[in-house]
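I opened my notebook to follow two chains and the place where they come together. These entries go from single residues out to the whole interface, and I define each term where I first need it.

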Amino acid sequence: MEQLNNIGASLDFYIFVSIALFSIGAIGVLTRKNMIVLLMCIELMLNAVNLLLVTFSTFFGNGEAQIFVFFIIVVAAAEATIGLSILIMAYRNSKSIDIEMFNKLNG
Amino acid sequence: MSLQMISVILGSLTIASGLMVVLSKHPIRSVIYLVITFFFISAMYILMNAQFLAIVNMIVYAGAIMVLFLFVLMLLNLNKEMEPETTRMSIITAVIAGGTLFLVMITALRDTFQYGKGYVQVPVQDAGLVEKLGKLLFSKYLVPFEISSILFIAAMVGAVLLAKREKQIID
């Protein structure tokens, strides 16, 4: 039972993992031009934030942060749906999934 | 094999598969690596005794959202030459920017690291069980819960409206 009482590694390790995931997602958003991969990198960043929230929730023994993670998942699902349908519409109009295509909206 | 070793292996695998999402050239491989990342994150949730979120993460993220991404990828029927190319300069700039972000956040959280040295004892270990979260969700957070259902209806109607095929295509 002693082993069940801790969350595996120390708090700093989980913080490190989630910051690393967030930075990887940010680098992906900045480098990739493919709209689908861009949306996936946003999902990766959202998951990094979720991991951090769950870590602190477990560390302080407070369940309210996990409710926020639940709402983040809800909003992420809605965001992915809308993003993908905008992508499909843009692809139909221009036959390209390059994010630079949206420069055409610039007047 | 101690619990600490398992979590370190899980964490490094998560970071590695997260890197592969960004690095892989083909979008379908990115989707698969993202699903693997989500499964590793779910495993970390289980390790932290957040069982409800682990299941929700697996069903909603790895199940629903990723299947949606895969469907869109198959629907678009992309081929190799349609992959937009990135310039070397933008990659270097982005890596510098991301690395700086990483360093700044690590440095800012240095005090937290000293606070949480060694193994972390969890004061209340059943905070993430379904019963506790359900009671919290349906009492204190009932209004946000209902508002999120309105958000879902709006997202559903919006997705149908946006992706509907129109009669004439605007150039």
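I first wrote down that buried means under 20% relative accessible area, exposed means over 50%, and partly exposed lies in between, with a 1.4 Å probe and protein chains only. The model is predicted, so to speak of local features I need pLDDT of at least 70, while side-chain atom pairs count only at pLDDT 80 or more and totals for chains, interfaces and linings use all residues. Residues are numbered from 1 along each chain as its sequence is written, chains are lettered from A and ligands numbered from 1 in the order in which they are written, and side-chain values use heavy atoms, with hydrogens and water left out.

**Entry 1: Ser24(B)**

Is Ser24(B) buried or exposed? I found that Ser24(B) counts as buried because its relative accessibility is 7%. I placed Ser24(B) in the loop between helix 1 and helix 2 of chain B, where helices (H or I, at least four residues) and strands (E, at least two) are DSSP runs numbered from the N terminus. Leaving out residues up to four places away in sequence, I listed Arg32(A), Arg29(B), Ser30(B) and Tyr33(B) as touching Ser24(B), contact being heavy atoms within 4.5 Å. I also noted that the side chain of Ser24(B) reaches the backbone oxygen of Met20(B) at 2.8 Å. A polar contact is a pair of N or O atoms within 3.5 Å; within protein, one must be able to donate a hydrogen and the other to accept it, and residues adjacent in sequence count only if both atoms are side-chain atoms.

**Entry 2: Ser148(B)**

I then looked up Ser148(B), which lies in helix 7 of chain B and counts as buried because its relative accessibility is 11%. Its side chain reaches the backbone oxygen of Phe145(B) at 2.6 Å, and, with residues up to four places away in sequence not counted, Ser148(B) touches Phe71(A) and Val74(A).

**Entry 3: chain B as a whole**

I counted seven helices and zero strands in chain B, and I noted that buried residues make up 33% of its 171 residues. Among contacts in chain B with a separation of 6 or more, 54% join residues 24 or more positions apart.

**Entry 4: where the chains meet**

How many residues of chain B are in contact with chain A? I recorded 90 residues of chain B in contact with 78 residues of chain A. The area buried between them is about 7,800 Å², with 75% of it from carbon and sulfur atoms; this is the accessible area (1.4 Å probe) that two parts lose on being put together, summed over both. I found one salt bridge between the chains, in which the side chains of Lys140(B) and Glu64(A) meet at 3.0 Å, N to O; the term asks for a side-chain nitrogen of Lys or Arg within 4 Å of a carboxyl oxygen of Asp or Glu. Seven residue pairs, both residues at pLDDT 80 or more, are in polar contact between chain B and chain A. Helix 3 of chain B gives the most to the side of chain B that touches chain A, with 13 residues.

**Entry 5: the core**

A nonpolar core is a set of buried Ala, Val, Leu, Ile, Met, Phe, Trp, Tyr and Cys residues joined through side-chain atoms within 4.5 Å. In the largest one, of 62 residues, I noted that Leu87(A), Tyr45(B), Met66(B) and Phe69(B) touch the most other members. Helix 3 of chain A gives the largest share of this core, 14 residues.
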